[in-house]
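Biologist: I would like to learn how to read a sheet in a model. Please take me through one.

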Amino acid sequence: SLDFDRFKTCPQICDYCYVGNMERIYPAYSAKIKRNTKWAIDDPDDFANTLNNEYTKARKSKSKITYKLDRLPVRIYGSGDFTPQHLKFMQNLDFKFYIISKSLTSPELLSYIPKLTSIPNLTKIILSLDNQNLGNWHYIKEYYKQDKFGISYTGTADDFKIVKSQGITTTIFFNIGRKQE
């Protein structure tokens, strides 16, 4: 995945976010996501070119880790979230990628969805909901089961049952609890 600083890009800092642990355990990871955040905005063309070159090099590698790399799109925002400034570098990516985003569920950023879907290498946008932004369902429900879209809910199995009982439909459930659905 391609990751960014959550404190600079996320509209909300989730209490269940795993990235805080990653930052503590791997200081180099923390430094890298901070670098990515600055670089993507300061020089989006160079950022995209570097990513394209790294991807090409990885595809040519004989390593088992990169086997079948060309069949899988790259996840953007394993950490962090969409900001309008990221549109520029995404338009220059030569490889297939997808986005998981909470910020794109907000009314302020909905206008960026058509701009993103016009990018040929963007395979899917997964609009992400949790208990903090669940009210945004009304802004994104039209995308349910549309081509190039998914809607996810992140929470516990008990919360997911309540969400479903309210008529909120999703294509993905990310369970953050220990109890199975």
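Modeller: We will go through the sheet, then one of its strands.
Modeller: This is a predicted model, in which local features need pLDDT of at least 70, side-chain atom pairs count only at pLDDT 80 or more, and totals for chains, interfaces and linings use all residues. Residues are numbered from 1 along each chain as its sequence is written, and side-chain values use heavy atoms, with hydrogens and water left out.

Biologist: In what order do the five strands of the open sheet lie?
Modeller: Strands of a sheet pair through backbone hydrogen bonds, either parallel or antiparallel. Here the order is β1-β2-β3-β4-β5, with parallel pairing. Strands are DSSP runs (E, at least two residues; helices are H or I, at least four), numbered from the N terminus, and two of them pair if DSSP finds at least two bridges between them. β1 (74-76) and β5 (172-175) each have a single partner strand, so one side of each lacks a neighbour in the sheet.

Biologist: Which way do the residues of β4 point?
Modeller: In a regular strand the side chains alternate between the two faces of the sheet. From β4, Phe149, Ile151, Tyr153 and Gly155 point one way, and Gly150, Ser152 and Thr154 the other.

Biologist: How many bridges join β4 to β5?
Modeller: Four, in the parallel sense.

Terms used. Buried < 20%, exposed > 50% of the residue type's maximum accessible area, 1.4 Å probe, protein only.
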